[in-house]
Amino acid sequence: MQAEKTRATLLKKPLSAAGRTPNLLDYKAECARFDWRKAWALLDGLPGGQGYNIAHEAVDRHAAGPRAERVAIRWLGKAGERQDITYRGLSEAANRFANALYTLGVKPGERVFILMGRLPEFHAAVLGALKARCVVSPLFSAFGPEPIATRIGMGDGRVLVTTADLYRRKVEGVRPKLPGLVHVIVVGGDAPEGAGLYAWDELVEHASASFTIAPTDLEEMALLHFTSGTTGRPKGAIHVHGAVAAHHVTGLYALDLHDDDIFWCTADPGWVTGMSYGIIAPLTNGVTSIVVEAEFDAATWYSVMARERVSVWYTAPTAIRMMMRLGAAAVKDYDLSALRFLASVGEPLNPEAVVWGMEAFGLPFHDNWWQTETGGIMIANFAALPIKPGSMGLPLPGIEAAIVRRRNDGGVDVVDEPLIEGELALKKGWPSMMRGYLNEDERYRKCFSGDWYLTGDLAKRDADGYFWFVGRSDDVIKSAGHLIGPFEVESALMEHPAVAEAAVIGKPDLMVGEVVKAFVELKPGYEPNDDLRKELLGHARKRLGPAVAPKEIDFRANLPKTRSGKIMRRLLKARELGLPEGDISTLESDEK
Ligand code: AMP
């Protein structure tokens, strides 16, 4: 029904927007002939056939060629600062950091965590660490001390690059829990002093600006991205240097990057989109990226787009909905004539938002789908194809996607009929697929059935092959585009002396998709009241940070549990939303 309705509103676009012929012009033909060797052929490889290193493809090959003096990143600071860094400059800044790591005795394979907002040093730290063949793990700067310590501890972090403010507020207190964290490098002024603390500026100032990347194997671990599941601790998805082929080609096809584009990816660099498409793909494609330090504000964003002549813009549904609230008229004060391609990712994009793009910018948003584990865009609405508003689009060339149903014997059946709901699955074999969850082989193996990688998302495919997102098959929460594991939130709540048990759900929200809501059972002797509610909200916020902490807490005398003692989050959610309770045959104890 939904597909029927939206087919009528298929958005047709001019084939050549603003004089650009889309990179992917004939989708069907390209899918038929695509071979990943083609993606490798678009890259250079290390000199002398010494393998592939992401940083070489991102900066060094451009620094050694005609793009050397092109602006790689234009950083716009909160206080109105503006800094242009060329490909040559970024390559040298990364070299200095790679040399600094060497001087500190940091070895290939060791983990370098980065915890900071959108600062130019983020790029230099990522690329420098990759050149030194260290593993880079970015952290979201809105995390509280607990998620930060968990991830650095699990990932065996040896180096942390951060700012003085974040260090003091979020790391100093948990550092005793992290004996393996030997070096903390502090960007910007006011660096705290002490053992193992270094000022970035001093370190790089004394380091050489030349560095030769050692031979790097395609399958060498390059990036460690933490993501969340329903149960247990976060999962560290391992990505390798060879992923760069997928970053590059998806930037070309799904984001339609052209040589002279001014590209703006608004994602935070602490999440996978900020890494794959905020840093790597635009650099491998040799375009200029805008990096904006300030948080979202519609007027600021429009003026950045106008002033910087942004041509390709990659953003997220929560931000689009916030802009929609202010109306299309607010856009008309700005000269956005350079814009030619808009894309969105991370959460379901409402059909109205796609259409609103036409009204406000004269261009539709192209929704695309992927996840931390896939490393790069897998399904997209393409520049040369009509958009079906509400649909995530079609699989990238080189990607085979299907709707499957799990069987009891561990196998899956592929659903061929259109518009039947099932789990979205991808045939393994693309370069940016995760190579494992760090130290959790069993959890990794469970993601596969034969050759199919099971994404955990429920979706449908229509008769034209377009995929439609239905929901998650598990209990993870998507709030403002950020994936939150309920277990991590429940654990933090249970550290409070008043809490006996906690269960956390995602409650639908028109603006941010879902908000985190917790149900709490108190220990004997504690009274459920507003003061305690406030105290628990504050406790969670302090430990987890504002992006992860619950926004609402309800008290319950009992939480519904299965006979084996598992809390039934699904039942809590159904009751919260007034939906049918579904199968409750395993229900043992119930809330009152
Ligand atoms: P993450 O690993 O944090 O990037 O989150 C990945 C998850 O975000 C996916 O498994 C989906 O549940 C959701 N997601 C990403 N892109 C989309 C999209 N275009 N539409 C709907 N959900 C999406």
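Asn439 lies in the loop between β20 (436–437) and α15 (441–445). Helices here are DSSP runs of H or I with at least four residues, strands are E runs of at least two, and both are numbered from the N terminus. This is a predicted model: local features need pLDDT of at least 70, side-chain atom pairs count only at pLDDT 80 or more, and totals for chains, interfaces and linings use all residues. Residues are numbered from 1 along each chain as its sequence is written, and side-chain values use heavy atoms, with hydrogens and water left out.

**Loop residues with positive phi**

- Asn439 has a phi near 55 degrees, a positive value in a residue other than glycine.
- Asn439 counts as exposed, at 70% relative accessibility. Buried means under 20% relative accessible area, exposed means over 50%, and partly exposed is in between (1.4 Å probe, protein chains only).
- Arg309 also has a phi near 55 degrees, again positive in a residue other than glycine.
- Arg309 sits in the loop between α12 (298–307) and β12 (312–315). Arg309 is partly exposed, with a relative accessible area of 36%.

**The ligand and its shell**

- The ligand is surrounded by 17 residues, and the closest are Asp367, Asn368, Gln371, Thr372 and Arg472. A residue counts as near if one of its heavy atoms lies within 4 Å of the molecule.
- By class, the shell holds eight nonpolar, four polar and five charged residues. Ala, Val, Leu, Ile, Met, Phe, Trp, Tyr, Cys and Pro count as nonpolar, Asp, Glu, Lys and Arg as charged, and the others, Gly among them, as polar.
- β14 gives the largest share of the shell, three residues.
- A backbone N or O atom of Gly346 lies 3.2 Å from a nitrogen atom of the ligand. For Glu347, a backbone N or O atom lies 3.4 Å from a ligand nitrogen atom.
- A polar side-chain atom of Lys478 lies 2.9 Å from an oxygen atom of the ligand. The protein covers 96% of the 500 Å² of accessible area that the ligand has on its own. These areas come from the Shrake-Rupley method with a 1.4 Å probe.
- Two elements give two or more residues to the shell: β14 (365–369) and β23 (467–472).

**Around Asn285**

- Asn285 lies in the loop between α11 (272–284) and β11 (288–292). Asn285 is buried, with a relative accessible area of 9%.
- The side chain of Asn285 reaches the backbone oxygen of Ala281 at 3.0 Å. A polar contact is a pair of N or O atoms within 3.5 Å; within protein, one must be able to donate a hydrogen and the other to accept it, and residues adjacent in sequence count only if both atoms are side-chain atoms.
- α11 is mostly covered, with 13 of its 13 residues buried. Just after α11, Gly286 takes a positive phi of about 75 degrees.

**Around Thr230**

- Thr230 lies in the loop between β8 (221–227) and β9 (235–240). Thr230 is buried, with a relative accessible area of 18%.
- The side chain of Thr230 reaches the backbone nitrogen of Asp475 at 3.0 Å.
- Thr230 and Ser473 are 243 residues apart in sequence and 9.9 Å apart in space, C-alpha to C-alpha.

**Domains**

- The domain assignment, automatic or from a database, gives domain 1 (47–461) and domain 2 (475–577).
- Their centres, taken over C-alpha atoms, are 29 Å apart. The contact (heavy atoms within 4.5 Å) takes 24 residues from domain 1 and 25 residues from domain 2.
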